[in-house]
Amino acid sequence: MPTKTNRVPEPRCSVARSLQVLGERWTLLIVRDALAGLTRFADFRDSLGIASDLLTGRLNALVEAGVMERRPYREPGARARHSYHLTPAGEELVTVLASLQQWGDVNRPHEEGPSMWSRSRSTGRPVRVTFVDDAGTPVPREDVDLVFLGA
């Protein structure tokens with residue numbers, strides 16, 4: 001007799017679905033380093049101080065979720081390896097990381113000051129993550145309501 005699989009339905013909530021991919025501590029740190037230009041396994045491992053097996057699992061999950069893609073490369077005289085590059089979906093996470101950095105600078109400041117900052121490439125001026133309405137007008141955080149439609 002066939003057995004019925006107990007598959008958990010996909011959450012309706014986009015925050016919950018996003019956390020299925022991004023909710024583990026190392027994941028956003030890998031994305032942070034990829035946004036800074038790292039692509040090679042050893043460079044991620046050395047930058048983060050993460051165990052190789054954990055890094056392998058996180059990179060595989062990011063590739064499976066479409067956040068990163070593998071690209072083969074070979075150093076002269078060495079075996080073929082993969083580098084890891086952000087997809088357009090991965091590059092969109094710059095807003096998430098900038099929001100976390102902005103929140104951390106205010107609510108969890110380090111005594112030596114921030115470790116990074118956000119600036120405009122074209123002007124070099126500092127930028128902040130903020131809400132804008134559908135007409136492009138900035139909206140103060142205090143004027144934003146999250147309207148829950150159901151989980």
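**Note on salt bridges, hairpin and core**

1. The side chains of Glu24 and Arg58 form a salt bridge, 3.6 Å from N to O; the term requires a side-chain nitrogen of Lys or Arg within 4 Å of a carboxyl oxygen of Asp or Glu. Glu24 sits in the loop between helix H1 (14-22) and helix H2 (25-35) and Arg58 in helix H4 (residues 52-64), so the pair ties together parts that are 34 residues apart in sequence. Helices (H or I, at least four residues) and strands (E, at least two) are DSSP runs, numbered from the N terminus. Glu24 has 30% relative accessibility and counts as partly exposed; buried means under 20% relative accessible area, exposed over 50%, and partly exposed in between (1.4 Å probe, protein chains only).

2. On provenance: this is a predicted model, in which local features need pLDDT of at least 70 and side-chain atom pairs count only at pLDDT 80 or more, while totals for chains, interfaces and linings use all residues. Residues are numbered from 1 along each chain as its sequence is written, and side-chain values use heavy atoms, with hydrogens and water left out.

3. How many salt bridges does a search of the whole structure find? The search finds six. Among them, Glu69 pairs with Arg71, with the closest N and O atoms 2.8 Å apart. Both ends are partly exposed: Glu69 has 33% relative accessibility, and Arg71 has 37%. Another salt bridge joins Glu142 to Arg141, with 3.1 Å between the closest N and O atoms. Here Glu142 and Arg141 are both exposed.

4. Strand E1 (residues 68-74) pairs with strand E2 (residues 80-86) in the antiparallel sense, over seven bridges; pairing requires that DSSP find at least two bridges between the strands. The bridge partner in E2 is His85 for Glu69 and Ser83 for Arg71. E1 and E2 form a hairpin with five residues between them, and Gly77 in the turn has a positive phi of about 80°.

5. The largest nonpolar core has 18 residues, and Ile30, Val31, Phe44, Val67 and Met68 have the most contacts inside it. Such a core is a set of buried Ala, Val, Leu, Ile, Met, Phe, Trp, Tyr and Cys residues joined through side-chain atoms within 4.5 Å. At least two residues of this core come from each of H2, helix H3 (41-48), H4 and E2. H2 supplies the largest share, five residues.

6. Which residues does Phe44 contact, leaving aside its neighbours within four places in sequence? They are Ile30, Asp33, Ala34, Leu38, Thr39, Ile50, Leu55, Met68 and Tyr84, where contact means heavy atoms within 4.5 Å.

7. The axes of H2 and H3 come within 11 Å and cross at roughly 115°. Axes are lines fitted to C-alpha atoms, for helices over the stretch in contact, and angles run from 0 to 180 degrees between N-to-C directions. The H2 and H3 crossing is right-handed; a crossing is left-handed if the near helix is turned anticlockwise from the far one by less than a right angle, and right-handed if clockwise. Trp26, Leu29, Ile30, Arg32, Asp33 and Ala34 of H2 make the contact with Phe44, Ser47 and Leu48 of H3.
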